Amino acid sequence: MPFADINGISMYYEESGEGTPVVLITGFSGDTTFFKALIPELAEKHRVIVFDNRGAGKTVFHKDRIRCQDFVDDTLALFDHLGIYKAHMLGWSMGGHIAQEFAIQHPERLRSLTLVSAYPYRPARSSYFMNGICDCAVAGASAEYISMMTNAFCFTEDFFSGLEAKGRTLRSLDTLNAKGCKMQMGALDEFDTREKVSKISVPTLSVHGLSDIMVEPKLGDYISDRIPGCKVLRIENVGHIIKPSLYAEAFKAHISEHDLA
């Protein structure tokens with residue numbers, strides 16, 4: 001398994017395909033499997049890199065706190081470790097916030113930016129809820145039930161009723177890094193790009209579900225309204241977790257347009 005010893009951690013990452021690099025950054029508690037449906041499609045023409053943020057997956061670190069800047073610095077260090085100077089970047093949810101900060105701090109390293117279910121700051125209701133379930137996890141609550149509660153915020157009523165009609169249930173996590181999740185939430189609560197998101201200068205695509213209750217669409221609009229020339233894709237009846245198939249064509253068109261940037 002590939003690990004990069006960078007920035008004081010051992011970061012787990014995977015890469016597929018060849019061509020212009022595309023870096024995909026997952027969200028809270030996510031790992032490299034989050035983008036598994038999107039990777040094969042992208043890898044036909046691009047070198048696709050995914051990784052586990054500190055606090056989740058197989059990445060190993062030994063500190064008792066995660067700062068929001070750590071995520072950005074880890075991503076930059078992985079670029080350097082893999083010999084990537086310029087890449088397309090897509091971030092989902094927390095990954096979208098990491099991607100915003102990366103674009104603000106290191107615009108010369110990006111060809112394009114895509115923000116999916118992103119926000120300029122952690123919404124108060126979501127912070128209240130997510131910190132609560134993190135505390136439950138740290139206290140020993142089952143990963144399955146923690147996952148169920150999170151899923152309830154991430155998918156729509158139609159999604160769940162559709163599963164019921166098919167006699168199916170949504171798969172929940174079997175394991176969870178409770179301490180890592182709590183530390184990731186600490187970093188999430190620090191994130192705030194409201195005063196600097198307008199500084200993003202790389203070509204940007206904003207994708208958001210119009211039925212997202214974890215991060216309301218108006219927060220995605222806050223970002224897209226302030227980034228010059230930002231393209232917008234809003235998807236009806238979709239919540240916080242968006243199937244990649246719903247934005248894959250728009251994403252591929254966006255990166256294709258800027259492959260030579």
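## Terms and model

Ala, Val, Leu, Ile, Met, Phe, Trp, Tyr, Cys and Pro count here as nonpolar; Asp, Glu, Lys and Arg as charged; the others, Gly among them, as polar. The model is predicted: local features need pLDDT of at least 70, side-chain atom pairs count only at pLDDT 80 or more, and totals for chains, interfaces and linings use all residues. Residues are numbered from 1 along each chain as its sequence is written, and side-chain values use heavy atoms, without hydrogens and water.

A pocket is an open set of points on a 1 Å grid over the protein atoms alone, where a 1.4 Å probe fits, with protein on both sides within 12 Å along at least five of seven lines; lining residues have an atom within 4 Å of a point. Points are joined across faces, edges and corners, and volume is the space filled by probe spheres set on them. Helices are DSSP runs (H or I, at least four residues), numbered from the N terminus.

## Largest pocket

The largest pocket has a volume of about 1,400 Å³. Its lining counts 48 residues, with F34, N151, R171, L173 and I241 nearest the centre. Two or more lining residues come from each of helix 4 (124-138), helix 5 (143-154), helix 6 (157-165) and helix 7 (178-188). Helix 5 gives the largest share, 5 residues.

By class, the lining holds 23 nonpolar, 16 polar and 9 charged residues.

## Second largest pocket

The second largest pocket holds about 190 Å³. M148, N151, F160, L163, E164, R168, T169, L170 and S172 line it. Helix 6 gives the most, with 3.

This lining splits into 4 nonpolar, 3 polar and 2 charged residues.
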